[in-house]
Amino acid sequence: MVKNSYGQIKYACYMVNISMSVVSTLSPLLFLTFRSLYGISFSMLGALVFINFCTQLAVDLVFSFYSHKFNIAAMVKLTPALTALGLIVYAVFPLLFPGAVYAGLVAGTVIFAASGGLAEVLISPVIAALPSEHPEREMSRLHSIYAWGVVAVVIINTLLLSAFGKERWQWIALAWMAVPFLACILFFRSKVPPLATPEKASNVLSLLRQKDFIICFLCIFLGGASECTMSQWSSGYLEQALGIPKVWGDVCGVAVFAAALGLGRTLYSRYGKNIDKVLAVSAAGATVCYFTAAVSAVPLVGLVSCAMTGLCTAMLWPGSLIMASEKFPAAGVAVFALMAAGGDLGGAIGPQLVGTIVDFAMASESVQRLSAALQLTAEQLSMKIGLASAIVFPLLATVLYVKNCRNKSRKSLQKANCGEPDRRAHDN
């Protein structure tokens with residue numbers, strides 16, 4: 001018998017987000033293990049990240065236009081099951097077919113990336129549909145759990161690999177199946193709240209033509225780029241540009257950034273209000289952090305700046321979702337799907353842009369001459385130029401969030417003025 005318990009489905013959503021932190025962090029943590037054990041090239045390892053992104057984006061787009069074709073409640077409950085299946089294929093395929101290890105990694109990645117796309121599209125609207133006095137705080141709490149999950153995965157995986165050896169990485173991957181398995185149990189015992197979907201794809205196209213939605217889409221694109229660029233490049237930047245030892249670069253570049261991200265979202269989930277002002281201040285703070293990290297020659301200052309970027313970008317993604325859901329409540333799943341696509345697109349383009357600029361700068365003779373004058377290596381200066389270029393994302397986000405604040409204040413003022421009696425007419 002299905003138990004109608006919104007409390008249980010809330011915890012099921014939390015477990016799904018922890019599962020997403022597992023599958024999004026597992027491969028990068030195992031890259032060097034895969035290279036040493038199986039001789040997989042860096043380009044092929046990097047392709048796993050690209051495949052993950054493309055799969056999630058494809059799911060986002062399908063649900064953006066055709067969510068009305070699916071049984072939404074069934075797809076929500078299928079999400080953690082797909083995660084578990086992906087982990088099984090990812091871990092077991094190399095054992096059964098040692099001559100086709102990479103094919104197994106790709107197949108597992110596609111499966112759990114599909115579950116990641118479903119989670120982005122469906123889990124946030126489930127939380128938004130649950131009765132709550134502060135729905136925006138619930139949304140922040142959901143996303144904070146993902147960040148804390150990344151911290152846990154980094155620490156636990158590091159300890160287990162050290163204790164049992166990299167040769168047993170499959171057993172570690174299989175052990176993480178406990179998280180989506182628990183989510184499956186909680187979903188089975190719960191009832192998914194009804195979620196709105198557009199009646200036809202043309203309704204989604206009309207949404208894309210609205211100025212307010214385009215602004216929301218650009219906000220999450222820039223917010224996703226601001227967050228993911230620093231999260232993916234901070235470790236390499238701290239090591240290469242600032243000379244911080246690799247072990248500390250890895251810990252501070254991944255775990256500390258994620259902890260700061262989780263802290264920001266947790267604080268908002270407890271005390272947050274005025275999301276529009278929070279987003280404007282956060283984006284401005286992220287701009288300052290990017291600039292400080294890029295120009296500083298002091299390792300400690302650079303490290304703190306990278307970590308503080310996590311705190312400043314914490315609400316840019318979930319806050320943009322809150323903005324969109326408030327402006328377009330009737331669009332339901334379609335809004336979250338399109339916004340997820342925008343965030344994923346920003347998360348892919350931002351880091352790629354930095355990498356392209358770094359490669360271009362390293363090949364430039366002007367940069368080589370300037371690096372010698374500044375007593376830096378060409379690689380160090382190129383990394384700084386690359387990170388400095390990423391300032392464009394939080395800077396443009398700041399402009400949009402400030403504009404949104406002003407528009408909201410102006411509409412509130414107009415509404416208040418319309419509600420006041422015309423005193424002069426009354427006096428006459």
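I began with the pocket search, so I wrote down its rule: on a 1 Å grid over the protein atoms alone, a pocket is an open set of points with protein on both sides within 12 Å along at least five of seven lines, and lining residues have an atom within 4 Å of a point. A volume is the space filled by probe spheres set on the points, which are joined across faces, edges and corners.

I looked up the second largest pocket and found about 340 Å³ of space in it. Its lining has 18 residues, and the closest to the centre are Ala 128, Ala 129, Ser 325, Pro 329 and Phe 336. Helices H4 (101–129), H5 (135–164), H13 (316–327) and H14 (333–362) each give two or more residues to this lining. I sorted the lining by class and got 14 nonpolar, 2 polar and 2 charged residues. Nonpolar here covers Ala, Val, Leu, Ile, Met, Phe, Trp, Tyr, Cys and Pro; charged covers Asp, Glu, Lys and Arg; the others, Gly among them, are polar.

I noted the ground rules next. This is a predicted model, in which local features need pLDDT of at least 70 and side-chain atom pairs count only at pLDDT 80 or more, while totals for chains, interfaces and linings use all residues. Residues are numbered from 1 along each chain as its sequence is written, and side-chain values use heavy atoms, with hydrogens and water left out.

For the whole protein I counted 18 helices and 0 strands; these are DSSP runs (helices H or I, at least four residues; strands E, at least two), numbered from the N terminus. Of the 428 residues, 51% are buried (under 20% relative accessible area with a 1.4 Å probe, protein chains only; exposed is over 50%, partly exposed in between).

I then checked Ala 260, which sits in helix H10 (residues 246–271). Ala 260 counts as buried because its relative accessibility is 12%. Leaving out residues up to four places away in sequence, Ala 260 touches Ala 307, Gly 310 and Leu 311 (contact: heavy atoms within 4.5 Å). Buried residues of H12 include Ala 307 and Gly 310.

Last, I looked at two loop residues. Asn 274 lies between H10 and helix H11 (275–295), with phi near 55°; at 48% relative accessibility it counts as partly exposed. Gln 375 lies between helix H15 (365–373) and helix H16 (378–389), with a positive phi of about 60°; at 74% it counts as exposed. I noted that most residues other than glycine have a negative phi.

Conventions
1 Å grid on protein atoms, 1.4 Å probe; cavity = no way out; pocket = protein on both sides within 12 Å on 5 of 7 lines; lining within 4 Å.
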